[in-house]
Amino acid sequence: MLFKRKNTYVFFLALFYCVWSIQFSYGYTWQDLWDHWMTSATMVVGSLVAGSTPLGGGAVAFPVLTKVLHYSSQDARDFSILIQSVGMTFATLFFIARNVSIDWKVIIFLLPFTVIGQFLGYFISVDESSVKVIFSIFLILFSLIFLSHKKFIIQNALYFHIGLMPVGIICGALCAFIGCGSDTLLFFYLILFSKRQTLETIPTSVCFMAINSLLSICVQSMLSGGSSVHINVYDAWFFAAPIVAVGAPLGGRILTQINPYFLYLLIYVLIAVEVISTIILVDFEFLYKSAMFVVMSYSILKFMQYAINRPVLIEESQS
């Protein structure tokens, strides 16, 4: 047998680069490549985050595009979905090639509920500032739960899968609404309500986000009667795609080697930067800014306590 599983990632990467090179030679110039260097540079970091953490590349792309590059929330969502459909997919192929464990049963169970959430999410209409604030609040909640180091294990398999149903719907709605967050929410659920460990859960959340992004593209095309992605967003995606095709699997490689403590540190720094940037750059009511600042300050203090004491990790304490 000439084609082996360990060659899966390399084979599809080579095929992708061949197709990309042909498209570039016929449709673009080197000046076009230079014009989109900022989004490509953003995804150098975003792709590493996508493959190695439960946050996903959209957790980097969405805030940078909306706050720094001044994309609309819809364009940032579309870019996040498109770029994750490449980066997360190649990260999944890398995990498959390396025989990394992925919980396919959970992913398959979630898919029909995710599709329902996708259709619901595209009918949600919220103003630009609110979308940015909602995304930051979502990450703050994630940070607080992440630092609680508590588990609420559901022993009954039926109840566990009943809980997965609304998770799937919300994951689909999140992807349709802001283009990211599905993998983070699934990671939440699996870590809090099962005996799964952090490092073994991330590949499943990455694979789920890859499939969710591809589903989102299909649902959006169905609802809009074709592609509704702005040409500038498509071009930015086109030039960033070759980066994430390598960067996300590289993040997956880092995941298999990194100490969980430093993974926690990376995740928390990314969350803190995103939330602080929202408080500084986004125009919304001072009362809400103050409340967000207080909660984030509390979360930072909790993390400092964690960093100093370096307590036993969640999974170690439950083993």
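Modeller: Because the model is predicted, local features need pLDDT of at least 70 and side-chain atom pairs count only at pLDDT 80 or more, while totals for chains, interfaces and linings use all residues. Residues are numbered from 1 along each chain as its sequence is written, and side-chain values use heavy atoms, with hydrogens and water left out.

Biologist: What makes a set of residues a nonpolar core, and which residues have the most contacts inside the largest one?

Modeller: The term covers buried Ala, Val, Leu, Ile, Met, Phe, Trp, Tyr and Cys residues joined through side-chain atoms within 4.5 Å. The largest such core has 87 residues, and F79, V86, F90, I178 and W237 have the most contacts inside it. Its largest share, 13 residues, is supplied by helix α5, residues 73-97, where helices are DSSP runs of H or I with at least four residues, numbered from the N terminus.

Biologist: Why is D78 called buried?

Modeller: Buried means under 20% relative accessible area, with exposed being over 50% and partly exposed in between (1.4 Å probe, protein chains only); D78 has 1% relative accessibility and therefore counts as buried. This residue lies in helix α5 and, leaving out residues up to four places away in sequence, touches Q220, S228, V229 and V233, contact meaning heavy atoms within 4.5 Å.

Biologist: How do you know that T92 counts as buried?

Modeller: T92, also found in α5, has 8% relative accessibility, so it falls in the buried class.

Biologist: Why are α1 and α5 called roughly antiparallel?

Modeller: Axes are lines fitted to C-alpha atoms, for helices over the stretch in contact, and angles run from 0 to 180 degrees between N-to-C directions. Angles under 35 degrees count as roughly parallel, over 145 as roughly antiparallel, 65 to 115 as roughly perpendicular and the rest as oblique. The axes of α1 (residues 8-27) and α5 cross at roughly 150° and come within 7 Å, and the pair is therefore roughly antiparallel. T8, Y9, F12, L13 and F16 of α1 make this contact with V86, F90, L93, F94 and A97 of α5.

Notes:
Helix = DSSP H or I, 4+ residues; strand = E, 2+ residues; numbered from the N terminus.
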